[in-house]
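Here are some notes to read beside the model, written for someone meeting it for the first time. Please keep the sequence at hand while working through them.

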Amino acid sequence: IVDAYRQSTQGSEVLHLRAEQALAGGNSRQVSYWSPHPIAIASADGAHLTDVDGRRYIDFTNNYTSLVHGHAYPPILETVDRQIKNGTVWSAQNEHQIDLAELLVERIPAIDKVRFTNSGTEASNLALSIARAVTKRHKILMSRFGYHGSLTETETGSFNHDYPATTYLGEYNNAESFENILEHHGEEIAAVFLEPVLGSAGIIAADREFLLRVKEAAHKAGALFILDEVVTFRLHEGGRQKALGIEADLTMLGKLIGGGFPVGAVGGPDDLMDVFQSSDLRTYHSGTFNGNPVTTAAGVVAVRDLTQKSIDEMEKLAERLKNGLAAAAQKVNLPFCVSHVGSLMNVFFSNEIPQAALMREDQAAMSRFHIAALNQGLFIAGRGLMAMSTIMDEALIDEAIDRAAVAMSDVAAEL
Ligand code: PMP
């Protein structure tokens with residue numbers, strides 16, 4: 001499998017060797033490296049990527065769930081093209097960021113006002129600033145294996161090692177573990193951060209009951225309850241919280257709401273978001289590219305075109321893909337299972353879904369399948385994440401299943 005990969009991705013290898021000379025770690029994203037070398041993409045269109053050797057891939061990462069309408073979505077291209085010709089950024093108001101803010105306020109019941117950043121990581125930082133300003137406390141509580149961006153307070157939560165002195169870790173879907181920490185250390189904790197579905201850790205859904213209990217315990221301790229919907233906003237028109245009938249104090253957004261451009265946002269009710277009112281200014285937040293016209297114009301189109309109907313259709317495609325992959329794995333006797341919520345799924349080469357992807361025991365098979373799938377023109381995340389987009393259809397899903405079946409038989413032959 002690896003020999004075939006090396007053979008067909010020589011252009012990518014040359015670029016990787018060059019990258020390692022000037023780029024620390026050969027890239028600026030940890031997830032964009034894999035052994036023996038990552039592929040380098042030359043262009044992307046719709047549901048496809050083309051690498052520098054001219055090979056085509058069906059793209060199921062959609063830039064880690066952020067391209068909900070695929071690559072180079074024509075309505076976004078049109079809007080962005082028009083905007084770029086009118087200037088890319090200036091240090092004054094632009095109407096697009098107001099449009100996008102209004103759209104998000106309309107969609108998510110818990111949000112009266114939003115504020116934009118350039119990444120989900122910055123949204124974490126902003127949510128934390130608000131929580132610290134409001135509570136006058138410093139620490140946070142999040143889930144082991146949770147991911148809220150590469151912020152010092154949150155990044156190590158996704159690894160199973162020592163975490164910063166600012167951070168307490170609870171166990172996902174175990175309300176008692178959160179309640180205990182809040183009971184004993186509540187007076188130090190500014191906010192609880194939770195993903196309504198663990199994303200990086202393998203598409204593991206939170207129970208509604210778990211979220212409600214943690215929210216109640218957070219409030220009892222005087223801490224804010226923050227839902228990180230950077231990934232999960234794609235699961236329902238009003239985000240996962242609307243689907244579950246839960247309201248967060250602060251909601252973090254990112255990824256798809258920038259229409260393929262760098263973005264993040266924090267939203268909440270007036271009483272919390274008013275820390276930014278010019279008459280109040282309890283906390284400071286600025287950024288040269290925050291709410292810029294290109295990102296927000298693209299974001300308006302991306303959010304507008306993510307209707308409940310398209311969300312439901314993506315879910316059906318995911319179901320079809322999941323069943324097809326399971327049947328293909330069974331044919332070649334590979335242990336296989338899929339964690340799945342709406343348009344998101346994660347594959348595992350084991351009989352049971354692990355508690356989190358970071359605790360998986362199928363790493364050898366997973367890594368081999370990742371490369372074998374690339375050999376067959378199927379681009380998935382190295383940890384098995386697959387995300388649908390609104391421009392995919394049944395024929396494309398069936399083609400992906402056929403390609404995956406060949407990759408699985410290659411893996412079965414080598415194991
Ligand atoms: N929160 C969640 C749930 C995420 O999955 C991510 C990124 N994968 C982030 C925050 C951070 O977003 P960004 O990569 O834009 O900084």
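Predicted model: local features only at pLDDT ≥ 70, side-chain atom pairs only at ≥ 80, totals over all residues.

1. The domain assignment divides the chain into domain 1, made of residues 2–72 together with 308–414, and domain 2, which covers 74–304.

2. The C-alpha centres of these two domains are 27 Å apart, and the contact between them draws on 20 residues from domain 1 and 21 residues from domain 2. On the side of domain 1 that touches domain 2, the elements giving two or more residues are α13 (308–331), β13 (337–341) and β14 (344–348). Sorted by class, that side of domain 1 has 11 nonpolar and nine polar residues, but no charged ones.

3. Helix α9 runs through residues 208–220, and its 13 residues reach 18 Å from the first C-alpha to the last, close to the 18 Å expected at 1.5 Å a residue. After α9 comes G222, which has a positive phi, near 80 degrees.

4. Which residues of α9 are buried? They are F210, L211, V214, K215, A217 and A218, and because they cover an arc of only 170 degrees around the axis, they lie on the same side of α9. Their cover includes α8 (175–185), β7 (189–194), β10 (224–228) and α10 (239–244), whereas the face of α9 turned away from its buried side carries the exposed residues E209 and K220.

5. Around the ligand there are 15 residues, of which S119, G120, T121, G149 and V230 come nearest. The residues of this shell comprise four nonpolar, nine polar and two charged.

Definitions and conventions. Residues numbered from 1 in each chain as written. Near = placed C-beta within 6 Å. Nonpolar A, V, L, I, M, F, W, Y, C, P; charged D, E, K, R; others polar. Helix = DSSP H or I, 4+ residues; strand = E, 2+ residues; numbered from the N terminus. Expected span 1.5 Å × (residues − 1). Buried ≥ 20, exposed ≤ 12 C-beta atoms within 10 Å, placed from the backbone. Arc of directions from axis to C-beta. Contact = placed C-beta atoms within 7 Å. Domains from an automatic or database assignment.
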